[in-house]
Amino acid sequence: MAEPITHIHKPTFTEEQVMEQKLEVLKKQFANNEDALNKILDIVGELHEIGVLEAANSALQAKEKIAKIVLEQVSREPVTHLLNTLMGATGAMMAANPNQITTLIKSAMAGVDAGSQFVQEDKRVRVRDLMKTLKDPDINRAIGFGLHFLKGMGKELQENDQPQK
Amino acid sequence: MNDSIVHIKINDVDYEASAGTKIIEVLNQNNIPHPQICYLPSVDPIQTCDTCIVEANSELVRSCSTLVEDGMDIKLDSRQAKASQTEAMDRLLANHSLYCTVCDNNNGNCKLHNTAELMNIEHQKYPYTPKVDSSEVDMSHPFYRYDPNQCITCGQCVEVCQSLQVNETLSIDWEADRPRVIWDDGVAINESSCVGCGQCVTVCPCNALMEKSMLGNAGFMTGLKPDMLEPMIDLVKEVEPGYSGIFAVSEVEAAMRETRTKKTKTVCTFCGVGCSFEVWTKDREILKIQPSEGPVNAVSTCVKGKFGWDFVNSEERLTKPLIRKNGQFVESSWEEALSLVAKKLGEIKSHYGKDSVGLISSSKITNEENYLIQKLARQVFETNNVDNCSRYCQSPATDGLMRTVGMGGDAGTIKDIAKAGLVIIVGANPAEGHPVLATRVKRAHKLHGQKLIVSDIRKNEMAERSDIFIRPKQGTDQVWLMAVTHYMIQQGWHDQHFIEANVNFFSEYKDMLEKYTLEYAEEITGISKETLISIAEMIRDADGTCVLWGMGVTQNNGGSDTSAAISNLLLATGNYRRPGAGAYPLRGHNNVQGACDMGTLPGWLPGYQHVEDDNARAKFEVAYGVSIDKKPGLNNIEMLQSISEGKMKAMYLVGEDMALVDADANHVDKVLSALDFFVVQDIFFSRTAQYADVILPAAPSLEKDGTFTNTERRVQRLYQALPTLGDSKPDWWIIQEVANRLGANWNYTHPSEIFAEMASLSPIFAKANYETLEGWNSFFWGSPNGESTPLLYEDGFNFPDNKARFALSDWVEPYSFAEEFDLHINNGRILEHFHEGNMTNKSKGIQAKVPDIFVEVSPELAKERGITDGALVRLVSPFGAVKLNALITDRVQKNELFLPMNSVNKESAINFLTGPIYDSRTNTPAYKQTKVRMEVLSDRGTKPLPQTNPRDKKRHPQNGVEVERKWQRPGYVHLTT
């Protein structure tokens with residue numbers, strides 16, 4: 001005759017026994033991964049020697065404080081402006097045609113070279129020279145570029161100045 | 001629906017589409033990405049968000065509500081269409097703060113996030129401003145929260161509440177300065193009529209409605225405290241990057257989440273409807289349940305399926321085998337426990353003979369596990385003494401169908417029920433017992449003109465919604481069913497042509513019906529002649545009638561005959577062999593259908609092959625290498641008798657709390673005590689387990705692979721979502737270990753192999769396998785050649801001549817009690833709890849809503865006995881007594897009481913009242929035929945149902961989201977032409 005049992009006897013382990021069971025599990029894991037674990041211990045040793053572990057430990061403990069400080073710093077107006085500027089500049093660079101930019105940079109470099117040469121010659125430029133040089137196709141091309149550059153920039157400035165709808 | 005094809009152009013490319021489809025459906029079918037924030041295929045077009053606007057034949061229209069027309073020229077991204085879509089999105093974003101990376105809904109499936117990204121939204125036109133103070137975020141409900149400040153008022157939550165779940169709680173206050181979602185007339189969620197089905201949370205396209213289990217839990221940075229979180233959000237806004245930048249960061253974070261959050265498809269374990277969904281887990285923690293593409297439920301769930309899974313991680317789970325030693329249970333190793341089980345069961349079999357061992361299987365475990373239990377019985381113990389808990393509920397329904405139409409399953413699917421012109425529910429309360437199935441009836445009734453007749457002694461939710469509600473005297477359903485059939489035949493409203501072509505024994509049946517006149521029915525059932533005529537007329541006028549029934553029919557001494565009478569009525573009126581009609585016994589447990597299909601029945605081998613069928617038996621004898629007894633074995637009830645008589649000595653019981661769920665529980669206690677050896681396999685230390693010699697810890701559905709078969713005969717796969725807890729094991733593993741220790745030499749490494757073996761021996765499963773069942777796919781048994789068969793009997797009924805048979809059974813009078821037992825006590829499920837509740841009572845949220853058991857008492861009776869809510873009463877039947885608190889409600893009337901079955905306590909469990917009264921054909925206990933007398937122990941007390949329970953709260957029905965009210969708002973500018 002089986003009387004109903006309402007109690008489950010669960011073995012109670014002493015702290016030492018629980019520790020022993022956990023160590024047993026760990027021991028197995030160690031034995032199975034000996035090589036990898038040795039390497040990790042070497043690395044840890046190195047890191048400790050040069051003081052990285054101590055710094056990391058402190059930083060981890062102060063993680064919330066540090067995060068708040070970083071957040072405060074980056075939330076300041078100059079920084080948000082900087083971020084906006086960087087993001088704007090990055091965006092503009094991304095929008096530009098790389099071929100055009102290459103030509104422009106090369107041309108500018110050539111201009112710098114020619115300019116430096118002129119400065120070294122120590123000559124004066126007169127109005128007559130200026131009028132005459134307009135006929136020079138190289139100079140005419142550069143001035144044309146400059147004028148159209150100003151036009152394009154002015155147009156963009158006006159469009160951006162209008163209130164958003 | 002018109003099936004003809006139309007030709008259209010989308011962005012100048014030619015497409016074909018079926019006439020009658022909406023533009024958005026064509027876009028989605030062709031995988032053309034297009035914004036559609038508020039589009040939800042399960043409901044009618046909501047039309048609140050306007051993001052789906054397209055240009056069609058030069059008009060701006062909503063693609064979600066505009067049907068394609070032949071020659072239609074559709075432009076998705078013309079300047080005008082784009083402008084409308086962007087304006088629509090801008091209006092939404094003014095209501096929603098985009099802090100995606102630190103949002104718990106950033107899991108790759110946030111519809112708002114994905115749409116904004118799809119539309120290349122870089123900035124928003126209207127700045128975000130909160131609607132309310134952050135203190136108004138509603139955290140009151142145990143399972144979910146609503147944050148008005150994140151809500152874009154797209155109204156999907158309202159639409160599903162009003163028109164899919166049809167609980168009618170949510171609405172949008174369109175006339176408010178800043179519209180928002182409200183519960184009832186604006187009360188806190190937990191004080192409202194919300195039943196916690198969670199569909200609103202599931203469909204929310206952002207984080208306005210969130211499962212509390214997700215909050216602060218789903219992301220890597222979502223658990224931040226406000227003093228860290230808010231500055232971070234502010235920083236992001238101050239820096240004002242284009243949203244594509246924000247989205248990129250949040251996507252990186254979402255991708256990281258993907259590696260940690262596991263999403264596993266499973267099938268719900270809380271009832272026979274068979275909802276399927278993904279369970280999201282993080283290690284052993286359940287983050288949420290996410291329904292989406294389940295073939296039965298789509299986005300629907302009930303409170304249990306969506307939120308009731310805490311039991312899986314309960315401290316009370318059994319995690320080690322237990323052995324009875326010196327008056328206590330002691331933990332053991334598997335080796336020790338299994339060896340002991342095998343040794344004892346083997347000894348008893350060899351000493352006392354084959355039939356000295358009985359096996360009881362479970363309707364909660366998988367098909368594969370049920371198959372193995374019957375195999376263990378028939379191959380290893382060489383006995384047919386195997387049964388399952390359908391004996392307590394469904395056997396009479398199966399019997400009634402087997403006799404009349406030849407197959408013991410639902411005639412069609414949930415889609416047929418939704419499609420029917422008339423649904424008749426007899427003795428069942430699907431709104432609580434089969435909630436998602438009930439929603440499809442509620443939706444069809446509310447929106448699509450479906451008629452509803454309910455026959456029940458208790459006024460449940462379906463009764464409140466019905467067109468005709470009858471309360472026949474207990475145990476008399478068969479009489480009104482036969483009288484209505486008789487009357488219809490007399491009037492010539494039956495389907496003579498269908499009967500001649502399809503049914504035998506019509507003249508014998510007509511003769512038998514002679515007695516069942518309307519006058520006789522009125523006298524026996526108490527239902528007026530006029531009402532019975534109205535029922536007959538409604539059946540006559542309906543385009544398809546489905547009859548749904550449950551325990552109110554089957555748990556009677558005439559349960560099988562009443563089931564047959566239902567089938568007879570359907571046969572007489574031609575309501576078989578067509579969509580939108582037929583017989584639908586509502587299976588209670590998640591796999592009660594499957595347990596029977598797999599042959600854990602004393603008379604049936606897997607796939608409904610009878611043990612008396614020599615050919616079928618021979619096939620199994622070859623496969624199992626043993627001879628199988630031609631005589632059916634003992635059923636549950638007979639096994640208990642056999643134990644009492646000292647013949648059966650040992651029992652192996654899986655997953656059933658027999659000491660609670662069997663009738664006359666006091667008697668069961670004694671019988672179980674008399675066993676020489678008793679093995680119980682369960683996930684919890686059940687009441688039955690207290691009598692065990694060995695308890696084996698099993699794994700619940702989330703911890704194993706397998707299949708379940710729902711009430712529609714639909715087989716669906718479940719995938720392992722979690723590792724097994726502790727040393728618990730899947731049932732199939734345990735059964736195999738026991739079998740092998742008794743010399744069986746089984747070698748199953750995965751349930752798919754078990755399924756394949758079963759299918760190879762069962763013609764009706766011949767074409768089913770794990771590949772065809774992959775993912776969301778499913779299979780319906782029902783064809784002799786093993787094809788999937790959603791609608792039964794299309795090629796004729798399951799008899800040699802393909803003809804059905806009218807069953808010829810007279811009504812039997814219910815059991816009569818001595819006069820002192822003056823109150824009838826009814827019992828049944830309640831929505832929040834599964835069965836006796838030992839799984840759902842581990843959920844804090846569910847316990848908060850229904851902390852206790854109670855007995856429902858009618859206002860008349862309460863007045864007569866001088867009691868109020870909370871009064872303590874003792875109920876005494878000839879077989880036992882219980883003691884509990886009263887809840888006064890007009891759901892019950894006069895001298896009728898109702899006791900929910902969610903009790904694991906001897907003080908309050910219904911089966912300490914029920915007695916040894918059985919259905920004449922199947923031995924199913926007549927639980928519903930119980931009478932008691934009531935003793936008042938104290939006339940008042942605390943109301944046993946808390947104020948926060950949704951029962952008795954007033955619902956707020958309306959016609960879906962009512963977008964017209966949005967359009968009528970002053971200043972609203974239409975974006976369509």
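Guide: Let's start with contact: two residues are in contact if their C-beta atoms, placed from the backbone, lie within 7 Å. This is a predicted model, where local features need pLDDT of at least 70, side-chain atom pairs count only at pLDDT 80 or more, and totals for chains, interfaces and linings use all residues. Residues are numbered from 1 along each chain as its sequence is written, while chains are lettered from A and ligands numbered from 1 in the order in which they are written.

Visitor: How many residues of chain B are in contact with chain A?

Guide: On the chain B side there are 24, and they meet 20 residues of chain A.

Visitor: Which element gives the most to that side of chain B?

Guide: Helices (H or I, at least four residues) and strands (E, at least two) are DSSP runs, numbered from the N terminus. Here H6(B) gives the most, with 7 residues. Helix H6 (226-239), strand S13 (322-325) and strand S14 (328-331) of chain B are the elements that give two or more residues.

Visitor: What joins S14(B) to chain A?

Guide: Strands pair if DSSP finds at least two bridges between them. Strand S1 (residues 8-9) of chain A and S14(B) run parallel, joined by 2 bridges. In S14(B), Val330(B) is the bridge partner of His9(A).

Visitor: And chain B as a whole: how many helices and strands does it have?

Guide: Chain B has 32 helices and 37 strands. Its C-alpha trace spans about 85 × 70 × 65 Å along the principal axes.

Visitor: What share of chain B is buried?

Guide: A residue is buried if 20 or more other C-beta atoms, placed from the backbone, lie within 10 Å of its own. In chain B, buried residues make up 58% of the 977.

Definitions and conventions
Buried ≥ 20, exposed ≤ 12 C-beta atoms within 10 Å, placed from the backbone.
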